[in-house]
Amino acid sequence: MGSSVVGAEATALISRIHEETSWSLGRRVRHAFVSVVARAYPRVIGAAREPSWLFFDLVFPILGMCSIVFLLRSRGVDEAWIASTILATALLSFWISVVWMMGAQFHWERDSGNLLLYITAPVGLGAIALGMAIGGALGVVIRAVIITVAGVLLFGAKYQVADPFLLALVILAGVAAMYSLGVCLSSVFLISGREADHLGSLLNEPMQLLGGVYAPVRSMGTVGVVALGILPLAPAIDALRQVAVPQLAQTGILPVGVELVILLVMTIVFGVIGRMLLAHIERVGRAGGKLLARAD
Amino acid sequence: MSGSTSPAAVQATGIGRVFDAKGGPVTALDGIDLRIEPGELFGVLGPNGAGKSTLIKILSTLLLPSTGSASIFGLDVVTETARVRRIMNLVAGGDFSGYGLLTVREQLAMFAQFYGLPYREGMAKVDAQIASFGIEEIRDRKISALSTGQRQKLNFARSFLNDPWILFLDEPTIGLDVSAARDVRDRVRAFQAEQPGRTVLLTTHYMAEADEMCDRIAIVDHGRILAQGTPTELKRMVQKDALFVVGIDALPASMSLDSLRALPGVISVAARDADGSDASGVGSPMRRLAIGLKEDGALGGVISTLAAGGAHLQEISKSEPTLEEVFVQLVGRGISESDEVSDGE
């Protein structure tokens with residue numbers, strides 16, 4: 001049994017505790033940073049620990065890519081489109097990870113009891129979500145690289161990258177915008193329950209079409225312009241196609257620089273909305289008592 | 001302990017909580033007043049649906065109260081949540097949190113970072129907790145491969161990482177076998193002993209656990225505290241008189257139970273072994289008498305009378321009511337019956 005502390009001792013203890021709980025801004029920033037890294041770790045390590053994940057995450061996208069390439073070749077389409085399809089498939093891995101893994105993550109975290117532990121830990125949900133996003137993106141990088149290499153080896157695709165820095169910037173901006181949207185989706189899916197999850201799955205194929213995976217968004221007219229302003233996948237693929245496959249530069253709907261700005265704006269806007277949604281989740285969860293609780 | 005003006009570890013005033021439900025609002029907590037001193041191990045005892053978990057959720061910043069206020073070491077649980085979370089931790093029974101792909105050590109390391117421990121200090125604490133809970137052999141095992149008992153030990157190890165000043169334990173030994181439950185209880189006691197002021201709030205519906213572990217207990221039902229005090233104080237509430245069991249070889253022929261009842265200070269005398277047989281089955285036959293006294297001092301007269309009559313005294317023990325009996329008297333039903341009729345929390 002414990003022995004209670006009373007009187008002057010208790011007063012001194014509480015002063016000490018109040019001092020311990022007053023974290024400086026620097027400490028809070030450092031703590032947020034290490035929390036992001038800590039939460040990213042399971043995502044990164046997951047792919048290595050569970051080879052079946054890597055297998056299925058590679059086989060199905062590569063099969064999908066092959067079917068499109070064979071279709072394009074059967075129609076005698078320029079080989080530049082084959083190279084474009086391979087890149088789009090690689091970028092699509094990030095998108096699928098955003099919609100399926102990021103979107104459903106908080107749902108899963110809640111049902112496993114992790115969300116309660118996050119809430120009661122002195123770590124903000126923002127750091128957890130950012131860790132999920134960065135870990136998720138890093139975990140997909142290997143897949144995206146393997147898909148690209150497989151495409152090049154299988155179909156002899158050729159790329160002419162005049163500016164590797166710009167290519168890296170486009171990929172980075174595209175991935176950042178997608179995962180920023182992913183933070184929003186994870187909150188929306190948690191709030192809306194399984195219906196949002198089902199809706200996300202249902203809209204997956206249409207979103208890929210609107211994102212310009214199969215054809216440039218320019219060919220979609222007004223719909224393509226709208227997609228460019230909503231779906232990070234659209235400007236990312238459009239810019240990637242212009243940078244890595246110069247023969248198709250004329251199919252771009254906007255200059256690469258503008259698309260980079262669009263992606264940057266999307267990253268910020270989705271990030272801000274995501275942050276607000278996370279705060280909303282915690283507020284509603286604490287008020288209602290159900291949103292954060294495990295469904296027993 | 002209660003009623004003190006010195007700062008409290010937990011101070012709750014008029015805490016109420018109403019949930020919206022399909023059939024209309026449900027009152028889970030109804031005006032809870034609670035004060036827990038720093039360093040206490042305080043138990044909240046009650047059936048499922050009594051409001052225990054709701055109370056712990058409010059105090060651990062997971063839920064907002066509908067009415068009233070509460071503070072942890074002077075920090076308001078509604079407005080100073082970030083600071084409260086820096087000094088607390090929580091373990092719930094049947095908790096299967098974590099990432100199945102991580103090893104025990106990795107999982108603890110991850111939470112050490114979440115709790116704000118510098119990396120080296122965090123890893124040292126992780127290894128210390130692994131050693132402390134005797135789970136070295138599973139330190140590199142994946143979480144998905146752990147048994148229920150191992151998982152709960154891992155949960156406890158996690159909860160000790162940040163050296164919390166207050167530890168909330170919500171039915172922590174539920175589903176554990178006897179040995180694992182004893183291990184975690186021992187660790188909780190050791191954890192408190194390491195640093196004066198560490199406070200534990202335990203909810204349970206295991207009477208023996210509450211009786212064994214807690215400095216003070218509040219018995220809760222239908223969102224209200226029916227009684228609170230030390231286990232001894234609570235037991236005295238249902239047994240104001242002293243009750244002794246006296247074992248003798250036989251009641252002298254010259255004596256009857258009524259003659260014993262007539263002795264000064266004696267309230268009641270009843271034969272415990274009505275058939276007069278040897279209760280243990282070995283040795284000489286023994287007859288047990290349950291004797292209720294106004295005060296302990298009256299026992300001397302009873303023993304003298306029995307001895308003078310020729311009875312040979314074989315045992316004397318003081319009988320205390322169990323917490324179960326306290327619970328039945330306060331709640332009006334047994335805790336297992338309560339569980340059956342409850343809707344759950």
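Colleague: Let's start with chain B. What is the strand order in the open sheet of four strands?

Modeller: Keep in mind that this is a predicted model. The order in that chain B sheet is E2-E1-E4-E5, and the pairing is antiparallel.

Colleague: Which strands stand at the edges?

Modeller: E2 and E5 (75-76) of chain B do. Each has a single partner strand, so one side of each is left without a neighbour in the sheet.

Colleague: And how many bridges join E1(B) and E2(B)?

Modeller: Seven, with E1(B) and E2(B), residues 26-36, running antiparallel.

Colleague: Is Glu171(B) buried or exposed?

Modeller: Glu171(B) counts as buried, because there are 21 C-beta neighbours inside 10 Å, and the cut-off for buried is 20 or more.

Colleague: Now His222(B). Where is that one?

Modeller: His222(B) is in the loop between strand E9 (216-221) and strand E10 (224-229) of chain B. His222(B) also has a positive phi of about 50° without being a glycine. With 16 C-beta neighbours inside 10 Å, His222(B) counts as partly exposed.

Colleague: OK, switching to chain A. How many helices and strands does it have?

Modeller: Chain A has 12 helices and zero strands. Its C-alpha atoms fill a box of roughly 85 × 40 × 35 Å along the principal axes, and of its 296 residues, 46% count as buried.

Colleague: What share of the chain A contacts join residues at least 24 apart?

Modeller: That's 80%, taken among contacts between residues at least 6 apart in sequence.

Colleague: Let's look at some helix packing. At what angle do H4(A) and H6(A) pack?

Modeller: About 155°, with the axes of H4 (residues 79-112) and H6 (residues 125-155) of chain A 9 Å apart. That makes H4(A) roughly antiparallel to H6(A). The crossing is right-handed.

Colleague: Which residues meet there?

Modeller: Among those in H4(A) are Ile82(A), Phe94(A) and Met101(A), and the H6(A) residues they meet include Met132(A), Val140(A) and Phe155(A). By class, the contact of H4(A) with H6(A) has 15 nonpolar, seven polar and one charged residues.

Colleague: And how far apart are the axes of H4(A) and H7(A)?

Modeller: They are 8 Å apart, at an angle of about 30°, with H7(A) covering residues 164-192. H4(A) and H7(A) are therefore roughly parallel to each other, and the crossing is right-handed. On the H4(A) side the contact includes Trp95(A) and His107(A), and on the H7(A) side it includes Tyr179(A) and Leu185(A).

Colleague: One more in chain A. Is Phe60(A) buried or exposed?

Modeller: Phe60(A) is exposed, with 11 other C-beta atoms within 10 Å. Phe60(A) lies in helix H3 (residues 51-74) of chain A.

Colleague: Last topic, the contact between the chains. How many residues does each chain give?

Modeller: Chain B gives 44 residues and chain A gives 39. In chain B, helix H2 (81-85), strand E6 (88-92) and helix H3 (104-114) each supply at least two residues of the side that touches chain A. The residues on that side of chain B divide into 25 nonpolar, 12 polar and seven charged.

Key
Residues numbered from 1 in each chain as written. Chains lettered and ligands numbered in written order. Predicted model: local features only at pLDDT ≥ 70, side-chain atom pairs only at ≥ 80, totals over all residues. Contact = placed C-beta atoms within 7 Å. Nonpolar A, V, L, I, M, F, W, Y, C, P; charged D, E, K, R; others polar. Buried ≥ 20, exposed ≤ 12 C-beta atoms within 10 Å, placed from the backbone. Axes fitted to C-alpha atoms, helices over the stretch in contact; angles between N-to-C directions. Parallel < 35°, antiparallel > 145°, perpendicular 65-115°, else oblique. Left-handed = near helix turned anticlockwise from the far one by under 90°. Pairing = 2+ DSSP bridges.
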